[in-house]
Amino acid sequence: MTILTQEQTKRICDRVLSLSKADECSVTVGGSRQGNIRFARNAVSTAGLAEDTNIAVQVAFGKRQGVATINEFDDKSLEKVVRRAEDLARLAPENPEFMPAVAKQNYRASETFSKKTAAIDPEFRAQSAAYAIEACRKNKLVAAGFFSDSTSFTSVANSNGVYGHQDETGLDFTCTVRTEDGRGSGWVKRSATDAARFDPREAADVAIEKALRSVDAKALEPGRYTVILEPAATSELLGYMLGGFDARQTDEGRSFLSKKGGASRLGDKLFDSQVNIWADPWNPDVPVLPWDTQNLIARERMDIIKDGKVNALNYSQFWAKKKGVRPTATPGNIIMAGTDKTTADLIASTKKGILVTRTWYIRMVDPQSVLLTGLTRDGTFYIENGKIKYPIKNFRFNESPVTMLNNIEEIGKPVIIGGDEVPFQMSIPPMKVRDFNFTSLSDAV
Amino acid sequence: MERRTFLNISSLAFGSMLVPVFGRAIAAEELLNPMPVAAKKILADTALNAATKAGASYCDVRIGRYLNQYVITRDLNVENVVNTESAGIGVRVVCNGAYGFAATNDMTPDGVAGAARQAVAIAKANAKLQSEPVQLAPVKGVGEVSWATPVKKDWRTVPIKEKAELLIAANKAGMESGANFMNSMLFQVNQQKYFASTDGSYIDQDLQRLWAPVTATAVDKATGKFRSRQGLSAPVGMGYEYLDGRKEDKIKAAGGVATLYTKSYDIVEDARAAGRDAKRKLTAKTVVPGKYDLMLSPEHLFLTIHESVGHPTELDRVLGYEANYAGTSFATLDKWQSKKFNYGSPLVNIVADKVTPGSLGNVGYDDEGVKCKRWDIIKDGILVNYQATRDQAHIIGEKESHGCSYADSWSNVQFQRMPNVSLQAGKKKLTPDEMVKDIKKGIYIVGDGSFSIDQQRYNFQFGGQLFYEINNGKIGQMLEDVAYQSNTQEFWNACTAICDERDWRMGGSFFDGKGQPPQISIVSHGSSTARFNGINVINTARKIG
């Protein structure tokens, strides 16, 4: 029952819409099956499977809205959920910023489903963990990691004729490998829609190599360095910054994209000319639903930063109406243009610098400049004359991604990386950046 | 991919806060109808029997109904009222020495038994890779018992209109006193949790929690500068009575720079102060970086305790179970075994508990059916214990679990989570105003701000809400652009004074993340105002574009 077909959900959506007596009605039917396996200390610690389904109905009378949900699918239950939403809407306070349901949209399907991923079973998950565990046992290393997969469906419809249905699958694998004495640590992350594109051996080998190479780290003085940032070192920084590309915040003067005198930086060249960042639901590497799940507006390709210029901001329906522009669908992915250069190529062209595997515990220090702090982790190395010379101790940084994207020297080939604390799927290249600001040393391995 | 459902509270004033929403929106009237206990026992027994029959040597069942109501306001508008419910059953088993877990929202006998069999099948698959068989510390079955958060006013019975009007009144007060924009929210949680295990326990608990965050933002369009000040309330394990704002629960910060709150909170008064403070921050003096003696109020220090003592003393981190996500810990077993590790100065006494009334951690039993208690973590500056669950107790020579098991949902497996971890009050009589008199060059910090710490909990950086300079025993001007960086052991050993119990109160976190898949927990931390000498302060002002 967990995964419903398009035919089944269409019938449910049609029935809900026909039952509603409100001025407008929207319905979402969704369900998911999520499996995972977690391992640590070279053994499986937990593994599980969770299934859930639900229907949400949102109605409005004038500017009064009500939402109700239910997880039963018979006609009587559908009638119950519609009446309950209507009763709530009648009692709700008027929302002065209420926006009517969107008109009929054209959702062009994106390839978010893979049969191979949907067929993942406990054995597959155990095998994904097994390679890292066995390889680490052999090498006197300690593996900890997490594999998770999900299969889900979403159907959306409203009384203006909107209808969409799509199945999604995805998997994420992360693995941390540490030396037994705790002096070395390496890490890897892989994300995919299609399980055919995931190789647990290749992934574990990356973490193992970084762990072995990071033993006996030397301390460098904190300061400004040329850095090669692997995609996992910049993904969260970019996510924080792009989460703030909001027109209303900017126009209200409370964004790093607001300027002196009240104007916006939209159209300004705020970054290096090499920087091109966009969202595209149909990108084959990081496909996402072709609609914004909150307002049901169809997603389109959106050029967010073009040749270093701030090219587009998110406009909610309310703010778009106030400003007389088209509302936007919130992006579900972030794609940054790159080149064919590998991380090794970027290292080879570096006279003196630091290679950063990933950054961690990133928090906003000052939204005025998007100053972020965080630390390097699981593989930080000193580079001299085009070669990795030795591992170095981790640093805390205080840096703005705006400054980072201004100081780009070279860009490499993008790789897929799922969001950790930010809600984007991403395709991001490694980057060589000058004057990255490390402010203190950390003893953490 | 790690897809999670988020309620996007899009205001940048909240730091683009994404609030995880578990479950689905429901009608408010549904909140007051719990599932009958007898029906829960029948379902639990069905799962326990199915798991045992399939080969499990141990099984526990958690039937959960998680109810949340969020009231979200922006300036003078109610932006959203969201009621969510999530109900289902999670079954954890031990079979062939390995754990297995399965969860379902299909609450029929067939659905529940199916989940139990699935959990056993998963355990059997995992057992092949198992090198350390699960070893559970004994728990005596308690039979059929119940426990509920003591509340005076049940938030579920307070009309939405009353809540919305209170938040709008707060926003109005903030805007009148200097803020250009106000955001306020009310998070209300009710967890109806039923636990049953093959040890013979059937525990029914009804838990309530509440949090009312406020943010005031002031903008100077001419200079392009904007600044925010967040509210100084604490999230609590209490009912709606926390918002009564009683006179006897108000105290003055040192030098009268702010009004602070103990057992209840005056949201309108604090919002008014926040509006005024946000505006003052636009022209406050920027800090000169360097070494300062820091005087940290409990509204600030709770977060430093959380990050630098709470997390490093989680035994699962120490052992390496969190190595792939939250990290490990510098507070290794050899340091504890030495009985000489100076975590802090001799003034520093840190206690863990899940029994303090009004705290977020307060429950009768944890999610393994263990009765909750209180124990020492740091005594006279020395590391003396950790936080442990049933499967960890034997590792530190304990005969029973500390009762630290928690799952944020029926659909997630329970694991070790932080209890309340608190700094005990100083033994000598000392008020915050008296503490100021002894400081030559210092900074007084009130309220929590930006926070970041490394994966072994050595190096940290914290911001705050209000910063005041202290010069020669007197509180001076408001400061801005302040953050301090330190190392956990150096910091706690720099603790030279702690105010007495009259100043002791709790702060807390409503959204503490850990684990994979990520789970959110709630935890309180108490302290009195404390002094830390010679801490490195940086200036965080930057220019872009």
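**Strands, domains and chains**

Tutor: Start with one pair of residues: B:Val482 faces B:Asn539 in β29(B). Keep in mind that this is a predicted model.

Student: How many bridges join β25(B) to strand β29 of chain B, and do they run parallel or antiparallel?

Tutor: There are four bridges between β25(B) and β29(B), residues 530–539, and the two strands run antiparallel.

Student: Which strand do the four bridges on record for β23 of chain B reach?

Tutor: They reach β25(B). Strand β23(B) covers residues 459–471, and this pairing too is antiparallel. To see it, find B:Phe462, which sits opposite B:Tyr484 in β25(B).

Student: Why is β25 of chain B largely enclosed by the rest of the structure?

Tutor: Count neighbours. A residue is buried when 20 or more other C-beta atoms lie within 10 Å of its own. Strand β25(B), residues 482–487, has six residues and five of them are buried, so the rest of the structure largely encloses it.

Student: Now a whole sheet. What is the order of the four strands in the open sheet of chain B?

Tutor: Read across it: β18-β17-β16-β21, with antiparallel pairing. Then look for the edges. β18 (382–383) and β21 (420–423) of chain B each have a single partner strand, so one side of each has no neighbour in the sheet.

Student: Which helix packs on that sheet?

Tutor: Helix α5 of chain B, residues 298–310. The helix touches β16 (350–353), β17 and β21 of chain B. Its direction makes about 110° with that of β21(B).

Student: How do I read the two faces of a strand?

Tutor: In a regular strand, side chains alternate between the two faces of the sheet. Now take β21(B). B:Asn420 and B:Ser422 lie on one side, B:Val421 and B:Leu423 on the other. All four are buried, leaving both faces covered.

Student: Zoom out. Into which domains is chain B divided?

Tutor: Domain 1 spans 6–214 and domain 2 spans 285–539. Their C-alpha centres are 26 Å apart. The contact between them takes 32 residues from domain 1 and 27 residues from domain 2.

Student: Which element gives the most to the side of domain 1 of chain B that touches domain 2?

Tutor: β9(B), with six residues. By class, that side of domain 1 has 18 nonpolar, nine polar and five charged residues.

Student: How many residues does the contact take from chain A and from chain B?

Tutor: 93 residues from chain A and 73 residues from chain B. On the chain A side, strand β2(A), residues 43–61, gives the most, with twelve residues. The class count for that side is 34 nonpolar, 38 polar and 21 charged residues.

Student: In which sense do β2(A) and β6(B) pair, parallel or antiparallel?

Tutor: Parallel, over four bridges. Here a pairing crosses from chain A to chain B. To locate it, find A:Glu51, whose bridge partner in β6(B) is B:Thr104.

Notes:
Residues are numbered from 1 along each chain as its sequence is written. Chains are lettered from A and ligands numbered from 1 in the order in which they are written. This is a predicted model: local features need pLDDT of at least 70, side-chain atom pairs count only at pLDDT 80 or more; totals for chains, interfaces and linings use all residues. A residue is buried if 20 or more other C-beta atoms lie within 10 Å of its own, exposed if 12 or fewer, and partly exposed in between; C-beta atoms are placed from the backbone. Two strands pair if DSSP finds at least two bridges between them. Domain bounds come from an automatic or database domain assignment. Two residues are in contact if their C-beta atoms, placed from the backbone, lie within 7 Å. Ala, Val, Leu, Ile, Met, Phe, Trp, Tyr, Cys and Pro count as nonpolar, Asp, Glu, Lys and Arg as charged, and the others, Gly among them, as polar. Axes are lines fitted to C-alpha atoms, for helices over the stretch in contact, and angles run from 0 to 180 degrees between N-to-C directions.
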